[in-house]
Amino acid sequence: MDPIFSKTIKAGDRTYFIDVKEAKNKSKYLTIAESKPSKEGEKKFTRSSVMVFDNQAEKFREALDEAMKTMKKE
């Protein structure tokens with residue numbers, strides 16, 4: 001399934017992929033994936049991802065906003 005939105009973020013040896021896709025039933029969902037080297041010096045990568053469905057997206061965003069505010073506090 002091709003994403004209807006896609007953003008790639010490179011951060012050191014890790015790469016994050018943020019995609020919004022549409023399921024066959026037309027509902028939309030968010031995937032956040034991380035790719036990182038399996039072991040130092042190897043060319044193999046491990047990838048893990050989280051899926052957030054549209055009916056839970058607002059709660060996910062609110063929790064992420066709270067986490068970001070906490071990170072910014074000194």
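Visitor: What is the relative accessible area of Met68?
Guide: Before any value is read, note that this is a predicted model, in which local features need pLDDT of at least 70 and side-chain atom pairs count only at pLDDT 80 or more, while totals for chains, interfaces and linings use all residues. Residues are numbered from 1 along each chain as its sequence is written, and side-chain values use heavy atoms, with hydrogens and water left out. Met68 lies in helix H1, where helices (H or I, at least four residues) and strands (E, at least two) are DSSP runs numbered from the N terminus. Buried means under 20% relative accessible area, exposed over 50%, and partly exposed in between (1.4 Å probe, protein chains only), so Met68 is partly exposed, with a relative accessible area of 38%.

Visitor: Which helix gives the most to the nonpolar patch?
Guide: Patches are made of residues with over 30% relative accessible area and no salt bridge, like charges being joined within 9 Å and nonpolar side chains (Val, Leu, Ile, Met, Phe, Trp, Tyr) within 5 Å; the accessible areas come from the Shrake-Rupley method with a 1.4 Å probe, and for residues only the protein chains shown count as cover. Here Val50, Phe60, Leu64, Met68 and Met71 make a nonpolar surface patch of about 470 Å². Four residues of the patch come from the helix that gives the most, spanning residues 57-72, and this is helix H1.

Visitor: How far apart are the closest N and O atoms in the salt bridge of Glu34 with Arg14?
Guide: The pair links distant parts of the chain, since Glu34 is in strand E3 and Arg14 is in strand E2 (residues 14-22), 20 residues apart. Glu34 counts as buried at 15% relative accessibility, whereas Arg14 counts as partly exposed at 30%. In the salt bridge between Glu34 and Arg14, the separation of the closest N and O atoms is 2.5 Å.

Visitor: Which side chain does a polar contact of 3.4 Å join to that of Glu34?
Guide: Contact means heavy atoms within 4.5 Å, and, leaving aside neighbours within four places in sequence, Glu34 is in contact with Arg14, Thr15, Tyr16, Thr46, Arg47 and Ser48. A polar contact is a pair of N or O atoms within 3.5 Å; within protein, one must be able to donate a hydrogen and the other to accept it, and residues adjacent in sequence count only if both atoms are side-chain atoms. The side chain that such a contact of 3.4 Å joins to Glu34 is that of Tyr16.

Visitor: What is the angle between the planes of Tyr29 and Phe53?
Guide: Rings of Phe, Tyr and Trp (its six-membered ring) pair if their centres lie within 6.5 Å, and planes under 30 degrees apart count as stacked, over 60 as edge-to-face and the rest as tilted. A search of the whole structure finds one aromatic pair. Tyr29 and Phe53 form this tilted pair, with 5.9 Å from centre to centre and, between the planes, 40°.

Visitor: In which strand is Phe53?
Guide: Tyr29 counts as buried at 13% relative accessibility, while Phe53 counts as partly exposed at 42%. Their pair links distant parts of the chain, 24 residues apart, with Tyr29 in strand E3 and Phe53 in the strand of residues 45-53, strand E4.

Key. Salt bridge = Lys/Arg side-chain N within 4 Å of Asp/Glu carboxyl O.
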